[in-house]
Amino acid sequence: MTTKKQVDTLAIHAHLFTMQGAGVGYIADGAIAIEGSRIVAVDSTEALLSHFEGKKVIDAANCAILPGLINAHVDTSLVLMRGAAQDVTNWLMDATMPYFVQMTPVASTAATRLRVVEELKAGTTTFCDNKVFSPLWGEFFDEIGVRASLAPMFDALPLEFPPLQEGELYPFDIKAGRRAMEEAVDFSRAWNGAAEGRITTMLGMYSPDMVPLEMLREAKEIAQREGLMLHFHVAQGNRETEQILKRYGKRPIAFLADIGYLDEQLLAVHLTDATDEEAIQVAKSGAGMVLCSGMIGIIDGLVPPAHVFRQAGGPVAIGSSYNNLFNEMKLTALFNKIKYHDPTIMPAWEVLRMATIEGARAIGLDRKIGSLEVGKEADLILVDLSALNLSPTLLDPIRNLVPNFVHAASGHEVKSVMVAGKLLVQDYRVLTVDESAIVADAQVEAQRLSQCVAADPIHKKLVLMEAMARGQL
């Protein structure tokens, strides 16, 4: 009689989506065995029950098991102004800047805690947070137990930013910029590989037009020396393009190519203002792209060139500033179909791969996460297929699960979440932090932030004040 091997966790009877191979790697009545933080077997339930017994057994009947979702670009501090900055033509200056200038470190920390809990409950297990450093930033990601690639943001703009005429170049404060970069480097060194490897870091800046050439060169050298990726907005809009054209006589992609930035170290966020030819150039360089469909839809009403980037062989990940990843997958699929007038563009299985294995490849972690494979970290989610919006479950002749994940799910169907073999959400409840306290704290800080904005005369420049006066908000 064969002795069964005991493992920490055995999940059985699942609709299993491994994301192995070129598709979604579906296994009917699938099972997964986990020991410590890693996956030790993936197969049918019958096969695994004949070889393993679990200290903990998860019966995933009528559930799907997927790799944990990867949010490859998020500024978690933005959530405190959610719903207060949209439906305008100049999003940065006319909707968000009054909030940005009043944001305190305490408010930023409260925002991060709220945003991570929200997305964790909706299936995000890896966060690439690109924000201005705030206290206890890394500590919270450690405490809650998720995986994170933290990219502290810096620039060289003066703290007291003078009013500029249209088309005028930004002034730089080199000393302040270098101090900010040094702080970002120190943080990246201290946290890279922390929390038993769950937390890694990248070197982040806001965008290349907000940093002078000498600092751009220094940042690249530091990233190469420290083995860090560079995570920042690239060709994100006409403001950046105009600034770089006037300063260097080239468009952003050509400029970055000239200074050696186009390679596998680059994680290029948005590419909103890049032409198809420029997007192809970035893709062929080995760089990754992050597509934030909801955010760019709100800011510019545009669809970045993710389709041509993927066609050129570059990995595209999905990011989000306000929505969870299920909503972002839906927007990504729909926006691209509309952009190209082609219902076959961005099919559901491709978009799901962008949120999992392709996203992992774009952020340089595909050897550890992104698919359910032996030897990889046990980052996975259980999705309840009995939810009304995912019903009915059809398997023959056409299996409808993946299309429904992308086009019908909201994220509230995620029942349980595991990171590195540890359950962080079980039966819809967060196990590692006090969710109600985090929500209450964020509400307090959001109210304080709003009161500070209302007390500053700059708030009168908010375009949405007119909609308030008309009773439209």
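Modeller: A salt bridge here is a side-chain nitrogen of Lys or Arg within 4 Å of a carboxyl oxygen of Asp or Glu. Please keep in mind that this is a predicted model.

Colleague: Thanks! With that in hand, how far apart are the closest N and O atoms of Glu445 and Arg448?
Modeller: Glu445 and Arg448 both belong to helix α16 (residues 435-455), three residues apart, so about one helical turn separates them. Glu445 counts as buried because its relative accessibility is 5%, whereas Arg448 is partly exposed at 47%. The two form a salt bridge, and the distance between their closest N and O atoms is 2.8 Å.

Colleague: How many salt bridges does the structure hold?
Modeller: Glu445 and Arg448 give one example, and Asp379 with Arg147 gives another, at 2.7 Å from N to O. For the structure, the number of salt bridges is 22.

Colleague: How many residues apart are Asp379 and Arg147?
Modeller: Their side chains meet in a salt bridge, and both residues are buried. Asp379 sits in the loop between α14 (357-362) and β15 (380-384), while Arg147 is part of strand β8 (residues 147-150). The pair thus links distant parts of the chain, with a separation of 232 residues.

Colleague: Let's turn to helices. Which helix holds Glu226, the partner of Arg189?
Modeller: The side chains of Arg189 and Glu226 meet in a salt bridge of 2.9 Å, N to O. Arg189 is partly exposed, at 43% relative accessible area, and Glu226 is also partly exposed, at 28%. Arg189 lies in α5 (residues 174-191), so the pair ties together parts 37 residues apart in sequence, Glu226 being in helix α6 (residues 213-226).

Colleague: Are α5 and α6 roughly parallel or roughly antiparallel to each other?
Modeller: Two packed helices are described by the angle between their axes and the distance between the axes. For α5 and α6, the axes are 11 Å apart and the angle is about 10°. Angles under 35 degrees fall in one class, and therefore α5 and α6 are roughly parallel.

Colleague: How many charged residues does the contact of α5 with α6 have?
Modeller: On the α5 side, the residues in contact include Arg178 and Arg189, and on the α6 side they include Glu214, Glu218, Arg225 and Glu226. The contact also has six nonpolar residues and one polar residue, and the count of charged residues is six.

Colleague: Now the open sheet: which are its edge strands?
Modeller: The five strands follow the order β10-β11-β12-β13-β14, with parallel pairing. An edge strand here pairs on one side only, and that describes β10 (203-204) and β14 (316-318).

Colleague: Which residue is the bridge partner of Gly204 in β11?
Modeller: β10 runs parallel to strand β11 (residues 230-234), and two bridges join them. Within β11, the partner of Gly204 is His231.

Colleague: How many residues of strand β12 are buried?
Modeller: On one side, β12 pairs with β11 in the parallel sense over five bridges, with His270 as the partner of Val234. Three bridges also join β12 to β13 (residues 288-291), where Val290 stands opposite Val269. Strand β12 (residues 266-270) is mostly covered, and of its five residues the number buried is five.

Colleague: Is Ala235 buried or exposed?
Modeller: Most residues other than glycine have a negative phi, and most peptide bonds are trans. Ala235 has a positive phi, near 50°, and lies in the loop between β11 and α7 (238-248). Its relative accessibility is 1%, so Ala235 counts as buried.

Colleague: Where is Tyr428 found?
Modeller: Phi of Tyr428 is also positive, near 75°. This residue is partly exposed, with a relative accessible area of 34%. Tyr428 is found in the loop between β17 (422-426) and β18 (429-430).

Colleague: One last point: which residue does a cis peptide bond join to Asp396?
Modeller: The loop between β15 and α15 (401-407) contains Pro392, and the peptide bond from Ser391 to Pro392 is cis, with omega near 0°. A cis peptide bond, with omega about 0°, also joins Asp396 to Pro397.

How values were computed:
Residues are numbered from 1 along each chain as its sequence is written. This is a predicted model: local features need pLDDT of at least 70, side-chain atom pairs count only at pLDDT 80 or more; totals for chains, interfaces and linings use all residues. Side-chain values use heavy atoms; hydrogens and water are left out. Helices (H or I, at least four residues) and strands (E, at least two) are DSSP runs, numbered from the N terminus. Buried means under 20% relative accessible area, exposed over 50%, partly exposed in between (1.4 Å probe, protein chains only). Two strands pair if DSSP finds at least two bridges between them. Axes are lines fitted to C-alpha atoms, for helices over the stretch in contact, and angles run from 0 to 180 degrees between N-to-C directions. Angles under 35 degrees count as roughly parallel, over 145 as roughly antiparallel, 65 to 115 as roughly perpendicular and the rest as oblique. Contact means heavy atoms within 4.5 Å. Ala, Val, Leu, Ile, Met, Phe, Trp, Tyr, Cys and Pro count as nonpolar, Asp, Glu, Lys and Arg as charged, and the others, Gly among them, as polar.
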